[in-house]
There are 2 protein chains.
Amino acid sequence: MSPTIKDIALRAGVSYATVSRALNNHPEVSKATREKVLHLAKEMGYRPNAIARGLVTKETRTIGLVLPDITNPFFPEVARGVEEAASESGYSVFLCNTDWSSEREEEHLHALMQKQVDGFIVAPSSDQLTHLLKILDAGCKAVFISGVISHPNSVSIIIDNVRGAQMAVEHLLKKGHRQIGFVGGVQDVATNNERFLGYRKALESWGIGLEWDCIRKGDFRREGGLAVTKELLRLEERPTAIFAANDLTALGVLQAVKEEGLAIPQDVAVVGFDDIQFASLPEIELTTIAQPKFQMGRLAFQKLLQMNKEDGPAKERIILRPKLVVRKTS
Amino acid sequence: MSPTIKDIALRAGVSYATVSRALNNHPEVSKATREKVLHLAKEMGYRPNAIARGLVTKETRTIGLVLPDITNPFFPEVARGVEEAASESGYSVFLCNTDWSSEREEEHLHALMQKQVDGFIVAPSSDQLTHLLKILDAGCKAVFISGVISHPNSVSIIIDNVRGAQMAVEHLLKKGHRQIGFVGGVQDVATNNERFLGYRKALESWGIGLEWDCIRKGDFRREGGLAVTKELLRLEERPTAIFAANDLTALGVLQAVKEEGLAIPQDVAVVGFDDIQFASLPEIELTTIAQPKFQMGRLAFQKLLQMNKEDGPAKERIILRPKLVVRKTS
DNA sequence: TTGTAGGCGTTATCAG
DNA sequence: CTGATAACGCCTACAA
């Protein structure tokens, strides 16, 4: 379809090598021929075949972004960040959804390896990390967003989930709440575990015992938050405040509270985690813990690139500071 | 890193060709050697190099998804659909954001062509279609989501925007509104133009003249809707209802109305377009026009695949039916 | 400054 | 059923 180097060489009356050199701006090529070649290339509509190039250079300028669910508003923002940074550097990014399944995660990783991506950015879908370690051992580079893996071929970019959750719950404690529920996300996911830990620590440091009745697991989606909260609210001693493992869940919580005819924040206060775009809607005004999603995406790509260039192990672990955003639900 | 066919051939004591055949399940290869090869391949951890394969087969099992902004909740759902369908068929998808810029769209298309994608799914960022036609003429296959292009190498999947907008506005008319404002999206985008056309038609068919003062353009985002609506509401004869070109814009409209101290829907009714996930939140309950986003994504991929297989031109144009979802803002 | 030739890892076309 | 061998389009020593 598009002409090849061979075609150009023929028309220009020079060798393959010369054309290739001219095209790649090598210094050892005379002005005259370079211009002739470049001109001809444009005229003939030459488009280098990145596949062929990749085969020889072993660099595809392609990375894989694998995350649980692009439909969760947290992820589009980080995706945006990595995509933007990537395309600025001439990289393209494969998008893969795992639907929180570690099997699908592994399948995607596998497929991407075959496609010879230059690296991975992954938001782990579970605590099942063996397959991730395997690809790192195989020499692949990766940066992990939320989810720590210690391996010289990887860097982790995480928000301090424990600290964030602690801030959230302490905020509620300071408001006078003593009966605070926890509506979690998908089980066995680091994000969820850490946020639970923060919740726990906050309560403990205030000398308040855990009430297991008040602790439930959802699915990181609205539906889960809704269903689980209904149960919580029908307890004998219902919580006066709820900390949700993420904003989507918190939206479900809000809905449940309203559907039970209770007022927010008077009857029950709620705080979420993530600060997704919609948390700030005047109709919602969700109190939450913010993390710099877009920047995390950009940073992730930069780190990946950096690992590939100077292949000394980059700083292994970057911990971002969470920020409490107080709005109207608490 | 990973062994190659050559390596396996050496260890198995057979030729490249035989190994390749065994690996690809060709019939002409004896049970014995097939098993030997397969076993060895597994043992040695063989991973086919898709890049090399692509070079010879001219099929990368890779497609490009280029859309304006993954951060707009309309798009993650369609992205999800295409990604899911794609991975079921062993395809990977490149994600590209154009930020509504036709130049960036062109750049991305260019880059993806070099990467030899098997096809494109694009949600056009403007009415600037020449570069799209160019790639089609160059032999690329593409399916367009919202945005019609007539070309044998493409199929368009669109919702009937005109009809949808008409439904929205007629709904408002039936509710008794006569002063209906339009808050648009990015200019020169088919989606926006068509929705405006529907607005116009509805009014005309009810014998109501257009008031240009009531017609404003936004940016398909909340911010735009907010700013523009503030102006609208300060008009001498402010509209009693507003049709927004998409839901994100509608959210901005809602906010503006509230900030001006007016009640919804009593003082001003509003209806949007898209039915994004958040339109159904109890706090929002936005009346809107729904489109089957996820299914559009899946369908888009299926059509693309189909065009590639049987390369007779597929049905060129698929028009989906919009659906009015009445909630509490009208 | 330019040309020759070999190789990147696969698949595919021939003969045997 | 199996083996050479030639592509695919590009890059890069090495030699001239």
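1. Which side chain meets that of A:Glu43 in a salt bridge? In this predicted model, the partner is A:Arg11, with an N to O distance of 3.2 Å. The two residues belong to distant parts of the chain, 32 residues apart: A:Glu43 is in helix 3 (residues 31-44) of chain A, and A:Arg11 is in helix 1 (residues 5-12) of chain A. Both A:Glu43 and A:Arg11 are exposed.

2. A further salt bridge in chain A joins A:Lys134 and A:Glu106, whose closest N and O atoms are 3.9 Å apart. Because A:Lys134 sits in helix 7 (residues 130-137) of chain A and A:Glu106 in helix 6 (residues 102-114) of chain A, the pair ties together parts that are 28 residues apart in sequence. A:Lys134 is classed as exposed because its relative accessible area is 51%. A:Glu106, at a relative accessible area of 35%, is therefore partly exposed.

3. In chain B, the side chains of B:Arg298 and B:Glu84 form a salt bridge with an N to O distance of 2.9 Å. B:Arg298 is part of helix 12 (residues 293-309) of chain B and B:Glu84 is part of helix 5 (residues 74-88) of chain B, so this pair ties together parts that are 214 residues apart in sequence. Both residues, B:Arg298 and B:Glu84, are buried. They also belong to a network of salt bridges that links A:Asp69, A:Asp99, B:Arg80, B:Glu84, B:Glu88 and B:Arg298. Over all chains, the search of the whole structure finds 34 salt bridges.

4. The next point concerns DNA strand C. There are 26 residues around DNA strand C, of which A:Thr18, A:Arg21, B:Ile5, B:Tyr46 and B:Arg53 come nearest. Phosphate oxygens of DNA strand C lie 2.9 Å from a polar side-chain atom of A:Thr18, 3.1 Å from a polar backbone atom of A:Ser30 and 2.9 Å from a backbone N or O atom of B:Ile5.

5. Helix 2 and helix 4 of chain A, and helix 2 and helix 4 of chain B, each supply at least two residues of the surface near DNA strand C. Helix 4 of chain B gives the largest share, four residues. By residue class, this surface near DNA strand C holds 11 nonpolar, nine polar and six charged residues.

6. Around DNA strand D there are 24 residues, and those that come nearest are A:Ile5, A:Tyr46, A:Arg53, B:Thr18 and B:Arg21. Sugar or phosphate makes up 67% of the atoms of DNA strand D within 4 Å of the protein, the rest belonging to bases. For the side chain of A:Ser20, the corresponding distance is 3.2 Å; A:Asn49 has a backbone N or O atom 3.2 Å from a phosphate oxygen of DNA strand D.

7. At least two residues of the surface near DNA strand D come from each of helix 2 (16-23) and helix 4 (50-57) of chain A and helix 2 (16-23) and helix 4 (50-57) of chain B. The residues of this surface near DNA strand D comprise 11 nonpolar, eight polar and five charged.

8. A nonpolar surface patch is formed by A:Leu55, A:Val56, B:Leu55 and B:Val56, which together have about 350 Å² of accessible area. Helix 4 of chain A and helix 4 of chain B each give two or more residues to this nonpolar patch. A:Val56, in helix 4 of chain A, has a relative accessible area of 64% and is therefore exposed.

How values were computed: Residues numbered from 1 in each chain as written. Chains lettered and ligands numbered in written order. Predicted model: local features only at pLDDT ≥ 70, side-chain atom pairs only at ≥ 80, totals over all residues. Heavy atoms only, no water. Near = heavy atom within 4 Å. Polar contact = N/O pair within 3.5 Å; in protein donor to acceptor, adjacent residues only side chain to side chain. Nonpolar A, V, L, I, M, F, W, Y, C, P; charged D, E, K, R; others polar. Patch = residues over 30% accessible without salt bridge, like charges linked within 9 Å, V, L, I, M, F, W, Y side chains within 5 Å. Areas by Shrake-Rupley, 256 points an atom, 1.4 Å probe, with all protein chains shown as cover. Salt bridge = Lys/Arg side-chain N within 4 Å of Asp/Glu carboxyl O. Buried < 20%, exposed > 50% of the residue type's maximum accessible area, 1.4 Å probe, protein only.
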